[in-house]
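Here are my notes after going through this one, written as numbered points. Have a look at the structure first, then read on.

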Amino acid sequence: MKTDVLIIGGGPAGLSAAIETASRGLDVTIVDEASQLGGQLNQQTQVLRPLPSVYEPMRGFELANKLIEQIKGFNVRLLLNHRVVGFYADGSAGITDEENVFPVKAKKIIVASGAAEKAVAFPKWTMPGIMTIGAAQTLINRDFVMPGKEAVIVGSSDFAMETAIQLMDVGIRVKAIIEKQSGALAKEQEKASELSKNGIPFYFNSFIKEARGNGQVEQIDIELPDEVITLSVDLVCMDGGRAPILDVFYQLGCSFGFQEELGGWVPQYNHTLQTGREDVYLAGNAAGISTQGPLLLTGMIAGISVSEELQAISPAEANEMREALWKELGLLEDKEVYSGRIKHLENFTSPLLKDQFIS
Amino acid sequence: MHIEKHPVLGRQLHKPVTIYFNDQPYQAYTQQSVAAALMANGIKKLGVSRKLVQSRGLFCSRGRCCSCYMTIDGEDHVRSCLTEVEEGMRIYPNMDDPEVRREIDED
């Protein structure tokens with residue numbers, strides 16, 4: 001199979017890159033291991049803001065539907081329930097439908113592989129009933145299943161607060177929020193105060209000492225600053241933050257730099273979102289952990305850069321649009337993340353890690 | 001428990017199907033993942049870890065952590081959080097390593 005642009009990942013960043021490239025007449029292929037496009041937007045019922053100026057504020061799943069609607073009518077081939085498992089010597093991607101593997105030769109590749117949630121380790125953290133906040137959100141909003149009746153949340157980011165509210169809204173009793181720092185980390189303070197108003201205790205400077213249960217979590221011990229308390233719960237939702245998913249970049253031989261503000265190790269890229277490999281671009285959380293609005297903008301930037309490389313758009317036009325998008329990114333994105341991104345761009349020519357996974 | 005009426009998304013569970021876990025029938029709905037449908041029926045333990053034989057269940061629901069491996073319709077080591085339920089599906093817990101090589105049907 002041949003295609004102009006292969007987009008790995010059909011979430012918000014991949015879809016916005018697809019819109020930019022396919023709308024200019026390029027032949028685009030999206031590969032995603034899920035059975036539907038939209039990525040994590042599909043189970044986000046919260047209103048997303050700020051979004052890029054072309055979108056009004058809307059709920060996550062509404063944005064997914066809108067993006068999917070936009071690529072209809074363009075020349076986009078969808079390989080859902082498919083995964084990239086490696087690359088051939090000639091640069092073709094090896095893609096599997098879980099039965100056979102076939103090569104896809106693309107002129108340009110945009111990797112929008114997203115992020116994975118990190119775990120918070122404590123004794124017995126691997127027991128059933130203990131899961132990431134993203135998993136709990138997926139269960140209630142995608143699968144329509146109660147993950148438990150009585151929960152604690154470990155962590156207090158915006159995402160954790162949002163999930164806690166969504167759990168309460170379906171009737172799950174949130175018994176406590178446990179935070180190892182001395183205050184709530186959520187930037188939107190009203191969400192934390194909404195939870196406090198509902199009588200949910202925040203335990204600061206605290207952590208889970210141990211979980212217990214017969215085959216699944218039944219009890220946890222929480223180490224508070226001056227005592228240890230025990231709660232009966234059947235659900236522990238952990239918010240360990242997120243890190244970019246890098247597997248595909250390793251296989252492609254991209255170089256990496258460490259950027260704390262972007263979530264740790266991130267492939268290196270320049271202002272066109274081109275990686276150390278000139279036919280490979282990246283977008284979304286793979287380019288650094290951020291919020292949904294900025295993820296869309298990075299997808300648009302990558303899409304425009306690839307369109308320019310494939311001569312679907314003039315360099316002057318591409319430069320003008322890219323500059324405007326970077327400006328909007330600077331306005332929309334969390335200040336720390338954005339400054340991390342700028343530092344990361346400056347380090348493009350001095351990779352910290354390269355060719356580290358030669359087998 | 002299934003969420004019959006979601007506060008934001010309303011009623012979404014329309015097409016019930018019967019799935020079998022350890023040969024016992026359970027109700028699920030199309031569009032649900034196997035791991036989620038089992039959880040709705042109170043089953044959280046989906047298998048055991050290979051070395052220390054400790055209980056494992058759904059952890060990330062994204063297909064990343066591989067904590068939810070199960071045997072589904074005769075196939076071992078399937079990620080149950082990414083597999084949608086189908087009528088009559090037969091599901092067994094993941095109790096040990098699968099046979100990596102097995103005879104392929106000649107016909």
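This is a predicted model: local features need pLDDT of at least 70, side-chain atom pairs count only at pLDDT 80 or more; totals for chains, interfaces and linings use all residues.

1. Let's start with the overall build of chain A. Its secondary structure comes to nine helices and 21 strands. The radius of gyration is 21 Å, close to the 21 Å that the globule rule gives for 359 residues, so chain A is as compact as a globular protein of that length. Along the principal axes, the C-alpha atoms of chain A fill a box of roughly 65 × 45 × 40 Å. As for burial, 56% of the 359 residues in chain A are buried.

2. One spot inside chain A that I'd look at is A:Gly134. This glycine sits in helix 3 of chain A, which covers residues 133-141. With a relative accessible area of 0%, A:Gly134 is buried. In sequence, A:Gly134 and A:Gln40 are 94 residues apart, yet their C-alpha atoms are 8.6 Å apart in space.

3. Next, the backbone. Most residues other than glycine have a negative phi, and most peptide bonds are trans, so the cases in this point and the next deserve a check by eye. The peptide bond from A:Arg49 to A:Pro50 is cis, with omega near 0°. You'll find A:Pro50 in the loop of chain A between strand 3 (47-48) and strand 4 (58-59).

4. Chain B has its own backbone cases. B:Cys66 is not a glycine, but has a positive phi of about 60°. The loop that holds B:Cys66 runs between strand 4 (55-56) and strand 5 (69-72) of chain B. Is B:Cys66 buried, partly exposed or exposed? Its relative accessibility is 30%, so B:Cys66 counts as partly exposed.

5. The side chain of B:Asp23 meets that of B:Arg90 in a salt bridge, at 3.4 Å from N to O. That pair links distant parts of the chain, since B:Arg90 is in strand 7 of chain B and B:Asp23 is in the loop between strand 1 and strand 2, 67 residues apart. Both ends are partly exposed: B:Arg90 has 34% relative accessibility, and B:Asp23 has 43%.

6. Two in chain A are worth a look. In one, the side chains of A:Glu20 and A:Arg24 meet at 2.9 Å, N to O. A:Glu20 counts as buried, at 14% relative accessibility, whereas A:Arg24 counts as partly exposed, at 26%. In the other, A:Asp221 pairs with A:Arg212, at 2.9 Å from N to O. Here A:Asp221 is buried, at 11% relative accessibility, while A:Arg212 is partly exposed, at 30%.

7. Chain A also has a salt-bridge network. Which residues does it link? They are A:Glu150, A:Arg173 and A:Lys175.

8. Now the surface. A nonpolar patch is formed there by A:Val85, A:Tyr88 and A:Val101, and together they have about 250 Å² of accessible area. Of these, A:Val85 belongs to strand 6 of chain A, residues 83-87. A:Val85 is partly exposed, with a relative accessible area of 37%.

9. Finally, a charged patch that takes in residues of chains A and B. A:Asp97 and A:Glu99 gather with B:Asp73, B:Glu75, B:Glu84 and B:Glu86 in a patch of negative charge on the surface. Where does B:Glu84 sit? Its place is in the loop between strand 6 (75-79) and strand 7 (90-93) of chain B. B:Glu84 has a relative accessible area of 32%, so this residue is partly exposed.

Note on methods:
Residues are numbered from 1 along each chain as its sequence is written. Chains are lettered from A and ligands numbered from 1 in the order in which they are written. Side-chain values use heavy atoms; hydrogens and water are left out. Patches are made of residues with over 30% relative accessible area and no salt bridge: like charges are joined within 9 Å, nonpolar side chains (Val, Leu, Ile, Met, Phe, Trp, Tyr) within 5 Å. Accessible areas come from the Shrake-Rupley method with a 1.4 Å probe; for residues, only the protein chains shown count as cover. A salt bridge is a side-chain nitrogen of Lys or Arg within 4 Å of a carboxyl oxygen of Asp or Glu. Lys and Arg count as positive and Asp and Glu as negative; His and the chain ends are not counted. The place of a charge is taken as NZ of Lys, CZ of Arg, CG of Asp or CD of Glu. Helices (H or I, at least four residues) and strands (E, at least two) are DSSP runs, numbered from the N terminus. Buried means under 20% relative accessible area, exposed over 50%, partly exposed in between (1.4 Å probe, protein chains only). The radius of gyration is taken over C-alpha atoms; the globule rule is 2.2 Å times the number of residues to the power 0.38.
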